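Subject: Model for your review

Dear colleague,

I am passing on the structure below, together with some notes on its charged pairs and one surface patch. Please read the notes with the structure open beside them.

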Amino acid sequence: MSNNITGNEVIHQYLRHNKKFPHVLCAGCGHGIVLGTLIRSIHSLGIPKDDVVVVAGIGCSGRLAVYVDFNTVHTTHGRALSFATGIKMSNPKLNVICIMGDGDALSIGGNHLIHAARRNIGVTALVLNNNIYGMTGGQSSPATPEGSTTMTNPYGQLDKSFDTVELAKGAGANFVARGTVFHVNKLEKIMTQAIERPGFSLVEAITPCHTQFGRKNKYKSPVDMYNWLKKTAVPVERYNELPEDKRADRMPIGVFVERDRAGFEEKYYAMQRGFLKAAAKGGK
C-alpha cells in the first residue's frame, strides 16, 4: 500500500470494488464522512489492511464494514463490542475497530460499552451518534435530545439523553473524544490518536440524520443540520471557559481523557507468561 497517494485515491484503495455502489446511506448522511476519516487515519498510520479488523453492529453505521477491504465482521445488534473483545483477546496484535450507532452502543449494547471501558480492552470504539434509530424507522434512542420529536415520541422526548463522553469517562476508558462530521480535519486527528492509544478508546462522531431526525425537528434540509453542527460545536478548552449559562446550547468537541494504562489483553498475557515461567521453574 503506497503512502504517496492522496485524496480520493486513498479512499478508493481501501474500498471493496466488488460490492454494490452507490451505498445505502441517504443524501446528506454523515456516515460516509466518518468512514472516509477512518480510512485516512489508518492510511496515515501505515497500518497494513490485514492488521485491521472492523467490527460493526446493526443499523446504518453497521453497513460501513461491508464497504471496506479490511478484515470485517458484521455482527448482531448491540453485540459488536463483545465480538471485538474476543478478537482482540485471541490476537492482541490486531488493530480492532468497532463501529456502532448510538442505539447500538448505548441501548442494546450499553452494558457491553460500560464493561469494555471498565476492563480497558484494547479496542477503538466509534460511536456514530445521529440521535435516532435511523434504519428501523426513526424511533427514539438513548441519545435523542430531551424534547425532540420522533416517530415514537410525537409529542416530544421525555427522557434525558445519555452523554456518551461522560458515560465513557465514568466507566474508565483510556481515551475519550468527540468530533463532528462538519469538523472533518479535527475528527481525523482525533481518530488517529484513538487508534494509536493502548487500551479502550472511544470516539463519538456526531453525524446528522435528516431523513429520520432532522425533518421532524426544525431542520428543513441536511444543510441546516451541518450548519447546526458548525454553530453548536466548540473546542472543549473554550467550552470549559464559558460561564454555566452560556453552555446550554453548546457542545464541546475534542479530547476529554488521555490515559496510558495497559490494555486488558496486555495484562492478561503478561500474567500468563508469569505463570508459565513459574511453572517451568517448578513453582505454582
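Methionine 271 counts as partly exposed, because its relative accessibility is 46%, where buried means under 20% relative accessible area, exposed over 50% and partly exposed in between (1.4 Å probe, protein chains only). This methionine 271 belongs to helix 11; helices (H or I, at least four residues) and strands (E, at least two) are DSSP runs, numbered from the N terminus. Together with Tyr268 and Phe275, Met271 makes up a nonpolar patch on the surface, with about 310 Å² of accessible area between the three. Patches consist of residues with over 30% relative accessible area and no salt bridge, like charges being joined within 9 Å and nonpolar side chains (Val, Leu, Ile, Met, Phe, Trp, Tyr) within 5 Å, and accessible areas come from the Shrake-Rupley method with a 1.4 Å probe, only the protein chains shown counting as cover for residues.

Please keep in mind that this is a predicted model, in which local features need pLDDT of at least 70 and side-chain atom pairs count only at pLDDT 80 or more, while totals for chains, interfaces and linings use all residues. Residues are numbered from 1 along each chain as its sequence is written, and side-chain values use heavy atoms, with hydrogens and water left out.

Turning to the charged pairs, a search of the whole structure gives eight salt bridges, each being a side-chain nitrogen of Lys or Arg within 4 Å of a carboxyl oxygen of Asp or Glu. One of them joins the side chains of arginine 40 and glutamate 188, at 2.9 Å from N to O. This pair links distant parts of the chain, since arginine 40 sits in helix 2 (residues 31–45) and glutamate 188 in helix 8 (residues 184–196), 148 residues apart.

Arginine 197 pairs with glutamate 258, their closest N and O atoms lying 3.0 Å apart. Arginine 197 is in the loop between helix 8 and strand 6 (201–206) and glutamate 258 is in strand 8 (residues 251–258), so the pair ties together parts 61 residues apart in sequence. Arginine 197 also forms a salt bridge with aspartate 260, with the closest N and O atoms 2.5 Å apart. Of these residues, arginine 197 counts as buried at 18% relative accessibility, whereas aspartate 260 is exposed at 62%.

Best regards
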